[in-house]
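Visitor: I would like to learn how to read a structure of this kind, feature by feature. Please show it first.

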Amino acid sequence: MRLLENENLGKPEQNASTIMGICLDLIHDVLIAPARANDTLDLEQEEILREARNALLVIAEKARTYERIFEEKDNASFNN
């Protein structure tokens, strides 16, 4: 699990992309992987989870862009 690995390596970078990645890893490791191992997820549920993951990644990407522009003052990328 990535969160445990990061605890050994030190505190992960605190940005939207990193935090979302950690959350998605936790969801996978705690919920999805055991459900797959027990064969309790059907194809429709797998597709729903895949779409939810994709949506969360888009949200994280947009949040990271916001962080770069407004919190880190990377206005050069905003102007181009």
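Visitor: Where is the place of L24?

Guide: Helices (H or I, at least four residues) and strands (E, at least two) are DSSP runs, numbered from the N terminus. L24 sits in helix α2. Before going further, note that this is a predicted model, in which local features need pLDDT of at least 70, side-chain atom pairs count only at pLDDT 80 or more, and totals for chains, interfaces and linings use all residues. Residues are numbered from 1 along each chain as its sequence is written, and side-chain values use heavy atoms, with hydrogens and water left out.

Visitor: How many helices and strands does the chain have?

Guide: The chain has 4 helices and 0 strands, in the order α-α-α-α from the N terminus.

Visitor: Does L24 count as buried or exposed?

Guide: Buried means under 20% relative accessible area, exposed over 50%, and partly exposed in between (1.4 Å probe, protein chains only). L24 has 14% relative accessibility, so it counts as buried. Across the chain, 20% of the 80 residues are buried.

Visitor: With which residues is L24 in contact, leaving aside its neighbours within four places in sequence?

Guide: Contact means heavy atoms within 4.5 Å. With those neighbours set aside, L24 touches R53, L56 and L57. The C-alpha atoms of L24 and R53 are 7.4 Å apart, for a sequence separation of 29 residues. For the chain, 44% of the contacts with a separation of 6 or more are between residues 24 or more positions apart.

Visitor: What can be said of R53?

Guide: R53 belongs to helix α3. Its relative accessible area is 43%, so R53 is partly exposed.

Visitor: How is a pocket found, and which residues lie nearest the centre of the largest pocket?

Guide: Rolling a probe the size of a water molecule over the atoms shows where empty space is left. On a 1 Å grid over the protein atoms alone, a pocket is an open set of points where a 1.4 Å probe fits, with protein on both sides within 12 Å along at least five of seven lines; lining residues have an atom within 4 Å of a point. Here 13 residues line the largest pocket, and L24, H28, I32, L49 and R53 are nearest its centre. Two or more lining residues come from each of α2 (16–37) and α3, with α2 giving the largest share, 7 residues.

Visitor: What volume does the largest pocket have?

Guide: Grid points are joined across faces, edges and corners, and a volume is the space filled by probe spheres set on the points. For the largest pocket this gives about 290 Å³.

Visitor: Which aromatic pair does the structure hold?

Guide: Rings of Phe, Tyr and Trp (its six-membered ring) pair if their centres lie within 6.5 Å; planes under 30 degrees apart count as stacked, over 60 as edge-to-face and the rest as tilted. The structure holds 1 such pair. The ring centres of Y66 and F70 are 4.9 Å apart and the planes stand at 40°, so the pair is tilted. Y66 and F70 are 4 residues apart in helix α3 (residues 43–71), which means a separation of about one helical turn. Y66 is partly exposed at 46% relative accessibility, and F70 is partly exposed at 44%.

Visitor: What is phi of D39?

Guide: Phi of D39 is near 55°, a positive value in a residue other than glycine. D39 is in the loop between α2 and α3, and it counts as exposed at 68% relative accessibility.
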